[in-house]
Amino acid sequence: MSAIKHFIEQNVKKLTIDEFLSRELNTAGYGGLEIKEGPMRTDIIIYASRPGVVIGRRGSNVRELTYTLETQFMLDNPQVEVSEIENPWLNAQVMASRIARQMERGVRFRRMVYWIINRIMRAGAEGCEIIVKGKLSSRRGRYQKFRKGTITKTGEPARAFVDEADDIAILKPGSIGIKVRIMKADTKIPGRIHVKEPKDREKEEPRLLAEPEEEKEEEEEEAVEEVPEGITDLEELRELEELDELELVEEEPAQEVHEEEQTESAEEEKDEEPTVAETESTLEELEELDELDPSTEETKEEE
């Protein structure tokens, strides 16, 4: 088998599995699948907005899917994984199946399409386009196109940034086709200029590069005046400051001092002058001494 035939068969098998899953999981918000073939097994990742419905009670739905994929589509040891879609409003397959299911329930297509477009743009899409084709309001078939925002349809941006999907709603007049195109958010379209927002800069406060010379001289003079002459040690300065803090005793006037000196000298003189009793006692003591002294007695006798 040539390589071209191998890839064609792989793509055909993938499309048939996709159609089968979209029919089986239309109530679970089916959003696509991814197949990874390995030497021992085949991994199938199913994207859905409601993964609980895909898994079923205790994994019953997953077991049935693996059995059908192994027997009907001849996959080697299939392993099914279910992944939840982060933002289902930006998935074209989910939106197309939702419009189809609502139309099958009897909701008018214009009302449903306008509501879906507004929700898609509110989710952050760059643009959206929905085409509804079939017997809409009469026996003749026609189509209506609803668009909002920007949608590229040609070139590399259309393949890279636009998500496209379709679905079928089966009604009494006939089948109605629904095609949804969603341009993803934050897409870089060629030819569109993006201007970056300026960064916030910190406001610098004005400051002087050099202080004026006059102020410097005044400060130096003041510093010299504060320090007494001949004192360079900090301990001496502290001692002087402590002495300055002590309270000064006011000196008494000169007259009071003179009077005090006179009173003191008079008291001293009084203390020095002997009293009458003291003089009498001293005379008696002298007489007694004279009596005791023999030399004095001889002198008296001679006399």
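Helices (H or I, at least four residues) and strands (E, at least two) are DSSP runs, numbered from the N terminus. The model described here is predicted: local features need pLDDT of at least 70, side-chain atom pairs count only at pLDDT 80 or more, and totals for chains, interfaces and linings use all residues. Residues are numbered from 1 along each chain as its sequence is written, and side-chain values use heavy atoms, with hydrogens and water left out.

The protein chain contains 11 helices and 7 strands. Of its 303 residues, 25% are buried, where buried means under 20% relative accessible area, exposed means over 50%, and partly exposed lies in between (1.4 Å probe, protein chains only). Contact means heavy atoms within 4.5 Å. Among contacts in the chain between residues at least 6 apart in sequence, 55% join residues at least 24 apart.

Because 10 of the 13 residues of α4 are buried, the helix is largely enclosed by the rest of the structure. The buried residues are Ala-92, Gln-93, Val-94, Met-95, Ala-96, Ser-97, Ile-99, Ala-100, Arg-101 and Met-103.

Two packed helices are described by the angle between their axes and the distance between the axes. The axes of α4 (residues 92-104) and α5 (residues 109-122) come within 10 Å and cross at roughly 155°. Here axes are lines fitted to C-alpha atoms, for helices over the stretch in contact, and angles run from 0 to 180 degrees between N-to-C directions. The two helices are therefore roughly antiparallel to each other, given that angles under 35 degrees count as roughly parallel, over 145 as roughly antiparallel, 65 to 115 as roughly perpendicular and the rest as oblique. On the α4 side the contact is made by Met-95, Arg-98, Ile-99, Gln-102 and Met-103, and on the α5 side by Phe-109, Met-112, Ile-116 and Ile-120. These residues divide into 7 nonpolar, 1 polar and 1 charged (Ala, Val, Leu, Ile, Met, Phe, Trp, Tyr, Cys and Pro count as nonpolar, Asp, Glu, Lys and Arg as charged, and the others, Gly among them, as polar).

Met-112 lies in α5 and, at 8% relative accessibility, counts as buried. Leaving aside neighbours within four places in sequence, Met-112 is in contact with Arg-98, Ile-99, Gln-102 and Val-107. The C-alpha atoms of Met-112 and Gln-102 are separated by 7.6 Å, the two residues being 10 apart along the chain.

The loops come next. Thr-152 sits in the loop between β5 (142-149) and α6 (155-161), and counts as buried at 17% relative accessibility. Beyond four places in sequence, Thr-152 is in contact with Pro-157, Ala-158, Val-162, Met-183 and Ile-189.

Two lysines belong to the loop between β7 and α7 (213-226), one of them being Lys-188 and the other Lys-184. Lys-188 is exposed, with a relative accessible area of 65%, whereas Lys-184 is partly exposed at 41%. Not counting residues up to four places away in sequence, Lys-188 touches Phe-161 and His-194, while Lys-184 touches Glu-126, Ala-160, Phe-161 and Asp-163. The C-alpha atoms of Lys-188 and Pro-157, 31 residues apart along the chain, are 8.3 Å from each other. For Lys-184 and Ala-123, 61 residues apart, the C-alpha separation is 10.0 Å.

Backbone angles close the account. Most residues other than glycine have a negative phi. Arg-58, not a glycine, has a positive phi of about 55°; this residue lies in the loop between α2 (51-55) and α3 (60-72) and is exposed, with a relative accessible area of 77%. Met-74 likewise has a positive phi, near 60°. Met-74 is in the loop between α3 and β3 (78-84), and is exposed at 60% relative accessible area.
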